[in-house]
Amino acid sequence: MAAKNDKGNNELSLLMDQTVVGRRGIIMPASDVPVQPLPDPGLLRENLDLPEVSQPQVVRYFTQLSQLNYSIDTHFYPLGSCTMKYNPKINDVVAAIPGMSYLHPKTPEKFSQGALKVMYRLQSYLSEVTGMSATSLASMAGAQGELAGVLMIRAYHERNGDSHRKLMLIPDSAHGTNPASAAMGGFAVKAIPSDSNGNMDLGALKELVGSDLAGIMLTLPSTLGLFETDIVEICDVVHKAGGLVYGDGANMNAILGQLKLGDLGFDVVHINLHKTFSTPHGGGGPGAGPVSVAERLVPFLPLPTVVEKVDQDVAQYSLVKSDHSIGRLGAFHGNFGVLIRAYAYIRSLGADGLRQISRDAVINANYLLARLKESYDVSYDRLCMHEVVLSARRQKKNGVRGLDIAKRLLDYGFHAPTMYFPLIVDEALMVEPTESESKETLDAFIDAMLAIATESENIPETVRGAPYSTPVSRLDEAKAAREPDLRWQSR
Amino acid sequence: MQSGSFQHPYIPNTPADREEMLKVIGVSSAEELFRDIPQGYSAPSLDIPQALPEMDLLRELQALGDENRHADQGPFFLGAGAYRHYIPAVVQAIVNRGEFLTAYTPYQPEVSQGTLQAAYEFQTMVGQILDMDVANAGMYDGASSFAEGALMACRIKRRYKVAYLDTVSPDYIDVLKTYTLPQGIEIYPVTANSTNLKRETACIVAQSPNFYGYIEPLENLIETAHSLDALAVIATDPFASVLFRPPGSYGADIVTAEGQPLGVPVSFGGPYVGLFTCKKEYVRQLPGRIVGKTVDSNIRTAYVLTLQTREQHIRREKATSNICTSTALIGLMTTVYSAILGKEGIKEVAQLCYQKSHYAASLIQQIPGYSLPLDGVFFQEFVVECPRSPSEINETLASKGIIGGLDISDRIHNGMLICVTEVNTRVEIEALVQALSDIGK
């Protein structure tokens, strides 16, 4: 698949090792102004080592590197909780329109009305989808949206004279970012156990809520891919104890147009535009994690938000700061290049399209569940939402672990599911097909999973040694951590 | 529209596919799959405009784009944290490759070597440009990177006070407050000449070039910090670090920067990438992703996410940061850009910024009524004290098709922060000078 280097393997030499003195990748124009004197040489830098490579070398190197990746554009990528759906190409085109991509963030508002209008409309759409009162687009990733959310909860309690409310409850199935964000917000964290049905243990919740309760952070559907059937009562218990309800929007792809979290009484929710709203994940970002809030949290929104003022039928858009804003999360207005892609996506789908996304995401996941549950264990015998959590418990008896199955899938030409998450499911394999995949692709994936289940019984050592067909085989991760080699060094 | 009658181009399932799958699942309709949603809450109204065909969508956004006045439409002199530089064609061509653009965080290294090796290149070049031992794989932006630098210093020293220089960008200070105050960290201002700090100060934080564009003389303050066992966290600019002695050379322990100048469009403020570097003894306290070199089971060189025991998915509430998705793709842009510019090209761009901005400043300060109120050495941005309010002056400039500098009269009397980079031509600079001169009369 990838081009091989002179050594006949997939190793591509680092740029510093490709360097030949004198080569260059671009010519900059000569200065067109009279020479200006440089300052005292003591202030100036002497040595700087960077590659010296020609333009074709750079292009070939990075193109060959790219071919070592699996991606949505090349492979089915059923990574649970990550919503790896098709990233429409038109969205990249609109983000690159010069009026948008060359627009400077400090441009006076009267010269950036088009961009502000996009932001204002996206705020409105996200408020509508979540059933909330207002939205800020400032947070630059899901985890930063979480931080914004918990900071708003904190500010709300402080403003009400309840600064002793320092306890954040988080289900034991939650993403690691939830407790990490709560800790960054200055909260103490306690875990709520799950019951045998995969729901939050309501009894345990009732015991944990008290006068120190700040709120609860939960994901709906839960990270088990299941709908929390007691959700109305959970919100009620938390609210009666004086806490607020935080929704992690990671699993929003299951409920677009099917349910509004605001209707259930959620106080704040963050939305991962790089999941539900199809903006490309880029190998680890950029993302965007807008926060939508109920009325009582509007004064605390991170800055800026965009407001519309209509004067004699002309709408004017401007950036404002909420009265008791938790402050700024980044230097400017959020990841606009991501926001405009999400805007384009919502416009492409419309209300009916958004509804259809969730229907098909849920159909696809349940189809996988129905066809795989004979061969793999499922912890909870019920319908799933947009993703299904399988367990390799059965295969483990033959010495084949979830990790091995995940690696073997790579040989079959599929990206692996999310492994070992949620932590409460033994040997978890979390599969999220999304609405982007055709039945033919799902069938091919199912065939591969069934074949691997058979291999796990008959030739377990083959599965344990996988992958075989990828650019590299299993890595020595312990060596990487023990002897950190984090950059090129001259020999 | 009825369920199943809508064939959207992004969704492959046909009504027949759905019917077949629902039969296998054992339910009669898609609605049945949502039966756990409590009664009264399901299928709410959704007030979102109907779907728009691609051609109409493009037209709509082009029209919205036309309502903006972008930075390449005429003489343009805004900077203040986001800088225009020429972006070679190769950069966009590479980052548009779907294999990079549409991959996830590289959790499966066997099928993510492209992203991982590119990140290792990123860490290499960031380390080289900022002249520091180690870099992580990137943060959200320069401001959040700076704030995380202060948090890291507090973790290392187990102290909870941060002294900041008041010449740091006010936007950066705002982000610093958002990140530190909830954790009970006290922040307080100092000057570059301070010879003492409050007890239990974890670090001093500063910016050079500072908000006004000037190289901040930090040697003494860093020495003071070190003498009190505090660290120095310094935000810088990558091109300034190419031309001037970088902060690490005079003792900074953690150096951060906005990576946007390295080949990333200004894009109304994001996405950008925060550069984050430190001395190697602090590597295990770094926030964010880190890529390391190792070998595979056949002893081939390979790259992998490493030192993950610092991170949220393992440490949860005890993690060094909550960062998960960051800005890998923007890191890739800066990497390709740095490779294309190379050792000589990057110095040439830094020199051009210096030469052109100093040319502009030398002409402006000769105009009656205008002056440069600050002493010291600047890189590519400088403050002009205008004869009238900068906002008025900017109005007049705009009417002549020129976007002037940032109005900072809230900090410096009639102050305007002007930025000139290699993309500004002599003709543009002289047009600005002429216009300022006409306004001054």
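Figure 1. Chain A has a mean pLDDT of 95, with 98% of its residues at 70 or more. The model is predicted: local features need pLDDT of at least 70, side-chain atom pairs count only at pLDDT 80 or more, and totals for chains, interfaces and linings use all residues. Residues are numbered from 1 along each chain as its sequence is written, while chains are lettered from A and ligands numbered from 1 in the order in which they are written.

**Figure 2. Strand β4 (residues 213-219) of chain A and its pairing with β2(A).** Strands (E, at least two residues) and helices (H or I, at least four) are DSSP runs, numbered from the N terminus. Seven of the seven residues of β4(A) are buried, that is, 20 or more other C-beta atoms lie within 10 Å of their own, with C-beta atoms placed from the backbone. Strand β2 (residues 167-171) of chain A pairs with β4(A) in the parallel sense over three bridges; pairing requires that DSSP find at least two bridges. A:Gly215 in β4(A) is the bridge partner of A:Met168.

**Figure 3. Pairing of β4(A) with strand β5 (residues 244-248) of chain A.** These strands pair in the parallel sense over five bridges, and A:Ile216 has A:Val245 of β5(A) as its bridge partner. From β4(A), the chain reaches β5(A) through helix α9 (residues 231-240) of chain A in a right-handed β-α-β crossover: with the strands pointing away from the viewer, the path from the first strand over the helix to the second runs clockwise.

Note on methods: pLDDT = per-residue confidence, 0-100. Buried ≥ 20, exposed ≤ 12 C-beta atoms within 10 Å, placed from the backbone.
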